[in-house]
Amino acid sequence: MDEYIGLDVSMKETAVSIRRNGKRIWRGKCASDPASIGALLRKHAPSAKRVIFETGPLSVWFYHALCAQGLPAICIDARHAKAALDMAANKTDANDADGLAHLAEVGFYREVRVKGFDSMLTRTLVAARTRLVRILTELSNQIRGLMKTFGLVVPAGKGSRFEEHVRELLVDQAGLAAIVLPVLEAWRSIRLRAAELGRQLIVRARHSEACQLLMSIPGVGTMTATAFTTAIEEPSNFRKSRSVGAWLGLTTRRYQSGQVDYDGHISRRGDRHVRGLLYEAATVILTRSSAESGLRTWGLALKARVGFKRAAVAVARKLAVTMHAMLKSGERFDRTAGAIA
């Protein structure tokens, strides 16, 4: 007989519930380690039909490790599962595991695609570099603010010019220099590390045909192309290019009830980082005259009617659709033909 397993995963322990023929046959906990869970399931559920757990920080590791052991691992949408799990009177890890096992048995769940380790490695590189750049900006702003208090205004400039300006202003400020220079050294070190990760990113993009293809679009650079390709992975994951815009949270919400029917803001679901990069690329397309294309012409016409921000969101959505269609067809961006609807 088939067994259906629900796993409520946390950082230290995982609650496990096993059902068979509509009844729970075993419930317990074990360490949050796929090897330990695999051994437990082979003992208590030798005929496992579905092993379900929710999306979370450990879901990629759990999915691939459990599949490598031959277990039918399924990762489901946490938002979708929450609606069913909230029906329990008490919120506990054990009850959540029971609820997940019940969803596995009745088949009422929404499976999500789990990314491969190669894609996750590249996404980690993008995320690490982005984080260092943000810290770099925060530190430079902090240095400017500290010095401004004492009447020392750092002139505009980035990189080595910024460091030169700061050191020049601190020549006769021994007391302030003792405070600011350690912060400046931290800024300098982070700048070098961010540049190193940036070079790794460029090397990866140069060796990726998909990234080179997407970078033929004006406004789409290394970061955007890399983040988009690793998020999509295979173009065949989406049957229609139009679905990519909704998947990235760039389509408007709709609310309909009786006589009420209206569209709201975009859903903002999906990959927040990729969505932000697409918005930046759309901004470049709308603001740089050198990026002439049918997509820019369409966006500028929309901007005149609805304003810049809404037009940029619309261009970002159409850009996502266009990029997926390019990955699917293998054709470079045609500026004269405009965007793919």
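Glu 54 is positioned opposite Ile 76 of β5. The model is predicted, with local features requiring pLDDT of at least 70 and side-chain atom pairs counting only at pLDDT 80 or more, whereas totals for chains, interfaces and linings use all residues. Residues are numbered from 1 along each chain as its sequence is written, and side-chain values use heavy atoms, without hydrogens and water. Helices (H or I, at least four residues) and strands (E, at least two) are DSSP runs, numbered from the N terminus.

Strand β4 (residues 48-54) pairs with β5 in the parallel sense over four bridges; pairing requires at least two DSSP bridges between two strands. These strands belong to an open sheet of five strands with mixed pairing, in the order β3-β2-β1-β4-β5. At the edges, β3 (23-31) and β5 (73-76) each pair on one side only. The average angle between neighbouring strands of this sheet is 20°, direction ignored. Axes are lines fitted to C-alpha atoms, for helices over the stretch in contact, and angles run from 0 to 180 degrees between N-to-C directions. Helix α1 (residues 34-44) lies across β1 (3-9), β2 (13-20), β3 and β4, and runs at about 155° to β3.

Asp 271 is located in the loop between β7 (260-266) and α11 (272-287). Asp 271 is buried, at 14% relative accessible area (buried: under 20%, 1.4 Å probe, protein chains only). Its side chain forms a polar contact of 2.5 Å with the side chain of Arg 123; such a contact is a pair of N or O atoms within 3.5 Å, and within protein one must be able to donate a hydrogen and the other to accept it, while residues adjacent in sequence count only if both atoms are side-chain atoms. A polar atom of the Asp 271 side chain also lies 3.1 Å from the backbone nitrogen of Val 274. Beyond neighbours within four places in sequence, Asp 271 is in contact (heavy atoms within 4.5 Å) with Arg 123, Ala 231 and Leu 248.

Key:
Buried < 20%, exposed > 50% of the residue type's maximum accessible area, 1.4 Å probe, protein only.
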